[in-house]
Amino acid sequence: MWRKNESHQIVHYYWGESKTQFVRESDSYAHWVMLAPEEGAFRYAIGQEEGEASFGQVVIVPPGLTLWREVSSSALSFHFVEFKWSEQEVPKTAKTKTMPYGAVLILDKQRLLSTYDYLKQASADKDLSAHYVFDLLLLCLNSMRAGEEELKPIDEVIRNVAAYIEENAAEPLKMETVAVRYGLSASQLTRRFQAAYQKGPLQYLTSVRIHNIKEMLIHTDYTIDTIAQLNGFQNGFYMCKVFTQQTNMNPSEFRKTHRV
């Protein structure tokens with residue numbers, strides 16, 4: 001059970017989208033920091049550790065240490081979280097021999113993407129954001145102790161369903177058909193998917209499509225109607241409606257704003 005506690009308060013959360021550089025090349029913080037790239041990559045240095053981080057990695061910085069960072073791709077979209085955290089708040093099943101430090105490679109990338117989506121949606125609510133920050137921290141801890149018992153394993157069937165949705169997001173998928181394909185009822189699919197990824201399969205499909213649409217808007221000259229057809233929408237009008245609901249910006253505005 002998540003407990004509202006001073007030890008895991010969020011001090012600051014920021015979603016940086018399509019940035020070509022950081023405001024500062026270095027900084028130190030009074031609290032713990034996670035810098036997590038969702039698209040693109042950045043080089044970093046913390047004490048004696050240095051490297052390059054991209055999607056699937058989370059760079060964790062302890063209080064008081066200086067973080068050096070530089071965008072190393074054409075553009076970088078990232079999550080920045082400064083938070084208060086106590087090791088006592090971490091469940092015993094997630095404990096590691098050392099405190100998190102430096103770049104952590106997340107093993108469960110499907111769940112990571114789901115956590116990122118929910119973190120962005122909950123950005124205005126600190127209590128709810130704290131839940132997803134803690135989930136992100138647990139993903140880091142789980143990955144650091146690979147080979148030990150997982151804290152909240154995702155069953156293999158639902159993992160395969162998520163992979164199938166990602167691979168076939170451009171098709172007009174029906175969840176009832178997907179459920180039958182994996183030997184589940186529609187209600188079983190929804191319940192188990194929600195438990196694994198904190199969102200239903202339809203929401204997951206939408207998040208995958210929105211991600212792919214963003215990539216096409218930025219990196220291709222396809223028309224809106226063509227992008228809609230390539231991402232499972234019947235027409236550009238409906239795609240624009242869904243895209244605007246999810247991002248608070250229509251596709252044309254997004255393309256104009258985010259073209260590098």
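Analyst: Strand β4 is largely enclosed by the rest of the structure, because five of its six residues are buried, where buried means under 20% relative accessible area, exposed means over 50%, and partly exposed lies in between (1.4 Å probe, protein chains only). Helices (H or I, at least four residues) and strands (E, at least two) are DSSP runs, numbered from the N terminus. This is a predicted model, in which local features need pLDDT of at least 70 and side-chain atom pairs count only at pLDDT 80 or more, while totals for chains, interfaces and linings use all residues. Residues are numbered from 1 along each chain as its sequence is written, and side-chain values use heavy atoms, with hydrogens and water left out.

Strand β4 (residues 41–46) runs antiparallel to strand β5 (residues 49–54), and six bridges join them; two strands are said to pair if DSSP finds at least two bridges between them. Strand β4 is also joined to strand β7 (residues 66–71), again in the antiparallel sense, by five bridges. A45 has E50 as its bridge partner in β5. Two residues lie between the strands in the hairpin of β4 and β5, and there G47 takes a positive phi near 60°.

Turning to another sheet, five strands form an open arrangement in the order β1-β8-β3-β6-β9, with antiparallel pairing. Its edge strands, each pairing on one side only, are β1 (10–19) and β9 (102–105), and from one strand to the next the twist averages 20°. Seven bridges hold β1 against strand β8 (residues 76–83) in the antiparallel sense, and within that pairing I10 has F83 in β8 as its bridge partner. Helix α1 (residues 109–121) lies across β1, β3 (32–39), β6 (57–61), β8 and β9, and runs at about 105° to β3; axes here are lines fitted to C-alpha atoms, for helices over the stretch in contact, and angles run from 0 to 180 degrees between N-to-C directions.

The largest nonpolar core has 27 residues, and those with the most contacts inside it are M34, V58, I60, F83, I106 and V133. Such a core is a set of buried Ala, Val, Leu, Ile, Met, Phe, Trp, Tyr and Cys residues joined through side-chain atoms within 4.5 Å. At least two residues of this core come from each of β1, β3, β6, β8, α1 and α2, and α2 gives the most, with ten residues. Not counting residues up to four places away in sequence, V58 touches M34, L35, A36, G102, A103, V104, I106, Y116, L136 and C140, contact meaning heavy atoms within 4.5 Å. C140 counts as buried because its relative accessibility is 0%.

D135 is found in helix α2 (residues 126–144), and this residue is buried, with a relative accessible area of 9%. Leaving aside neighbours within four places in sequence, D135 is in contact with R111, T115 and Q198. As for the cysteines, C240 is partly exposed at a relative accessible area of 23%, and the structure holds zero disulfides, a disulfide being a pair of cysteine sulfur atoms within 2.5 Å.

A179 is found in helix α4 (residues 175–181) and counts as buried because its relative accessible area is 1%. The C-alpha atoms of A179 and L189 are separated by 5.9 Å, although the two residues are ten apart along the chain. Neighbours within four places in sequence aside, A179 is in contact with L184, S185, A186 and L189.

Helix α6 (residues 201–219) has 19 residues and reaches 27 Å from its first C-alpha to its last, close to the 27 Å expected at 1.5 Å a residue, where the expected span is 1.5 Å times one less than the number of residues. Its buried residues include P201, Y204, L205, V208, I213 and L217.
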